[in-house]
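Please examine the sequence and the model shown here. The paragraphs that follow lead through selected parts of the fold in turn.

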Amino acid sequence: MKKEVRRAIIAGNWKMNMTPSAAKEAIGKTAELTKDMNGCDVILCVPFVDIPAAVEAAKGTNVKIGAQNVHFEKKGAFTGEIAGDMLVECGIEYVIIGHSERRQYFGETDKTVNLRTKAALEAGLKVILCLGEVLEEREAGITSEIVSMQTKLDLAGLSAEDMKNVIIAYEPVWAIGTGLTATPEQAEEVCAIIRNVIAGLYSEEVAEGVTIQYGGSMNEGNAAALLSKVNIDGGLIGGASLVPEKFVQIVEAAQA
Ligand code: PGA
């Protein structure tokens, strides 16, 4: 399988932005502007409390709604957490796991990312699994080792069948929210490394089938060059996903 047959996926990560009413408006606008763009999947990952309004606003449109995290237990005494079946019952299809902000600010580790990923898959969700090196690691020349290790630890125990529901988002931490973007060549190099690790863990066929997104200050100006790379199958977009007119230009750049 080659890039041409991997459908591009453009996902917005709204982070802690947008009230339910603002979400409704932004999704309506995004849906209207993307209604004839059928060349890629479009997902918006919204804050938990926006989910009902977002799912309602996205009904019958090209836009799919995702969440930004999920807990690894099915239920119980985990104050402030959300379980997979709660998301599924609310109409959620995708969930981001392991975002660098979760790792940096909320103590998320490769172990908890792995547990959350397994729980999400078990609940029937598709996972957007984020990984990537920090600046010190890039400067020390160990990016390849770091992302390879994260890939192995985060996917530990997942079957080839599970991998059909896993999207990897390569997000160099130094590029997130900083306005600094990896060059298309830097991003391609690391996405190829991740695909190669997956080939080693599973098979060439599984690796060729996995969607690998780039994330980190992707915007309407740099998306086309990044998406033209053979191992970059989409984007996970933070800041630029908050403005429908900008986000839609990235969706447009992903039309095959
Ligand atoms: P950014 O965020 O596009 O604002 O850099 C990307 C992300 O955190 O997923």
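**A guided reading of the fold**

The buried residues of helix H2 pack against helix H1 (20-33), strand S3 and helix H3 (84-89). Contact here means heavy atoms within 4.5 Å, and buried means under 20% relative accessible area, with exposed over 50% and partly exposed in between (1.4 Å probe, protein chains only). Helices (H or I, at least four residues) and strands (E, at least two) are DSSP runs, numbered from the N terminus. This is a predicted model, in which local features need pLDDT of at least 70 and side-chain atom pairs count only at pLDDT 80 or more, while totals for chains, interfaces and linings use all residues. Residues are numbered from 1 along each chain as its sequence is written, and side-chain values use heavy atoms, with hydrogens and water left out.

H2 itself spans residues 51-58, and its buried residues are Ile51, Ala53, Ala54, Val55 and Ala58. Just after H2, glycine 60 adopts a positive phi of about 75 degrees.

The strands form a closed barrel of eight, in the order S1-S2-S3-S4-S5-S6-S7-S8, with parallel pairing. Neighbouring strands of this sheet are turned by 25 degrees against each other on average, direction ignored. Two strands are said to pair if DSSP finds at least two bridges between them.

Leaving aside residues up to four places away in sequence, aspartate 41 touches Arg7, Ala8, Ile9, Ile10, Lys64 and Tyr94.

Strand S3 (residues 63-67) runs parallel to S4, and two bridges join them. Glycine 66 has tyrosine 94 in S4 as its bridge partner, and alanine 67 stands opposite valine 95 in S4. Strand S4 (residues 94-97) is covered on both faces: Tyr94 and Ile96 on one side, and Val95 and Ile97 on the other, are all buried.

Why is S6 largely enclosed by the rest of the structure? Five of the five residues of S6 are buried, so S6 is largely enclosed. Val166, Ile168 and Tyr170 point one way from S6, whereas Ile167 and Ala169 point the other way. S6 is also joined by three bridges to strand S7 (residues 212-215), and the two run parallel. There, alanine 169 stands opposite glutamine 213 in S7.

Helix H7 lies across strand S5 (126-131) and strand S6 (166-170), running at about 150 degrees to S5. Axes are lines fitted to C-alpha atoms, for helices over the stretch in contact, and angles run from 0 to 180 degrees between N-to-C directions.

H7 (residues 143-154) packs with helix H8 (residues 184-201) at an angle of about 40 degrees, their axes being 10 Å apart. H7 and H8 are therefore oblique to each other; angles under 35 degrees count as roughly parallel, over 145 as roughly antiparallel, 65 to 115 as roughly perpendicular and the rest as oblique. Thr143, Ser144, Val147, Ser148, Thr151 and Lys152 in H7 meet Val190, Ile193, Ile194, Val197, Ile198 and Leu201 in H8.

Helix H5 (residues 110-123) also packs with H7, at an angle of about 40 degrees and with axes 8 Å apart. Asp110, Val113 and Asn114 of H5 make this contact with Gln150, Leu153 and Asp154 of H7.
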